Amino acid sequence: MTAPSDVSLARRRGLLVRLTVAPAVLATVVGLLWWHDRSGSSAPTDVVLLLLGAGAAWETATMLGAAGRGPARSTAVLFSAALAGLGLLAPDDPGLRASARSLLLALAVLVAFAGHFRAVRDGDLDRLLATLFPVVYVGYLLGLLREVGDGPAGARCILFVVVASKASDIGGWVVGKAIGRHKMLPSVSPGKTWEGTAGGLAFSIGAALLVLQLTGPLPGLAERPAEAAALGLLLGVASILAGLTQSALKRRCGVKDSSTLLPEMGGLLDMVDSLLLAAPAALLWSLLR
């Protein structure tokens, strides 16, 4: 049995890591988007999205493999990276990116099936679906973040989505640790509480208002405080749902974290999971606004 002092020490170490690693990652993202905004070149942002797509897809495929699904990892990683990094192909042409995205999905299906033009073997269906799942779950959804980032204010729009969505994660963790008592969905995510959820939403709204104050109006996304608050709430909800979906996936794969890349915080998928639903939510908002 673990001694109480060891548990307390582990908790303090985890808190210290989170309070140092998370701000460092956020500062890197802010710096990258600042360069994107000042230089007018989206290439660094697109390269990072490509790398995140590849890494998170690799982790997802690895989790599925550990659960016995046996995906073709190279196919999953290649197409996820291509979908997430489509801005490198057409930095200023959303129409071309949309067409390329559809063609890449069709090609991914064809390539995934290419190894199955033979007699049926046990586990074929699991392997086929496990190969395509990371492509859609990671590559396609993460790539939609780039669609929020067109135009002169594109980098600032991406910053808005990233900060507001990650604020939900931070707020949920901080408030949940401090006063969380009532479990939200213990069968899916034992650590999530209703108090933490409320805190996460409040943090998202506050972060959205702060970003708008710092960046000024963001055409096509949020130009007034009321719009920023409403979008912040939407992104907070999307982030919470994204966290629950990832928790459900990890439980079904029998793992706690997507990988051990980031000490005490998990892997790349654990870091970007909130964006997987926040990005399409922001895109839908911009289309309907």
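**A tour of the helices and the core**

Start with helix 6 and helix 8: their axes come within 8 Å and cross at roughly 55°. Keep in mind that this is a predicted model. Two packed helices are described by the angle between their axes and the distance between the axes. Here the angle makes helix 6 and helix 8 oblique to each other. Helix 6 passes helix 8 in a right-handed crossing.

Now show the side chains at this crossing. On helix 6, select Phe-160, Val-161, Ala-164, Ser-165, Ser-168 and Asp-169. On helix 8, select Ala-228, Leu-231, Leu-235, Gly-236, Ser-239 and Ile-240. These residues make the contact.

Next, centre on Val-161. What is Val-161 in contact with, leaving aside its neighbours within four places in sequence? Look for Leu-145, Val-148, Leu-221, Leu-235, Leu-275, Ala-278 and Ala-282.

Widen the view to the largest nonpolar core, which has 48 residues. Leu-145, Phe-160, Val-161, Leu-221 and Leu-235 touch the most other members. Colour the helices that give two or more residues to this core: helix 2 (43-66), helix 5 (124-143), helix 6 (154-179), helix 7 (194-215), helix 8 (225-253), helix 9 (268-272) and helix 10 (275-288). Which of them gives the largest share? Helix 6 does, with 10 residues.

Last stop: the cysteines. Cys-157 is buried, with a relative accessible area of 4%. Cys-253 is also buried, at 10%. How many disulfides are there? The count is zero, where a disulfide needs two cysteine sulfur atoms within 2.5 Å.

Terms used. Residues numbered from 1 in each chain as written. Predicted model: local features only at pLDDT ≥ 70, side-chain atom pairs only at ≥ 80, totals over all residues. Heavy atoms only, no water. Buried < 20%, exposed > 50% of the residue type's maximum accessible area, 1.4 Å probe, protein only. Core = buried A, V, L, I, M, F, W, Y, C linked by side-chain atoms within 4.5 Å. Helix = DSSP H or I, 4+ residues; strand = E, 2+ residues; numbered from the N terminus. Contact = heavy atoms within 4.5 Å. Axes fitted to C-alpha atoms, helices over the stretch in contact; angles between N-to-C directions. Parallel < 35°, antiparallel > 145°, perpendicular 65-115°, else oblique. Left-handed = near helix turned anticlockwise from the far one by under 90°.
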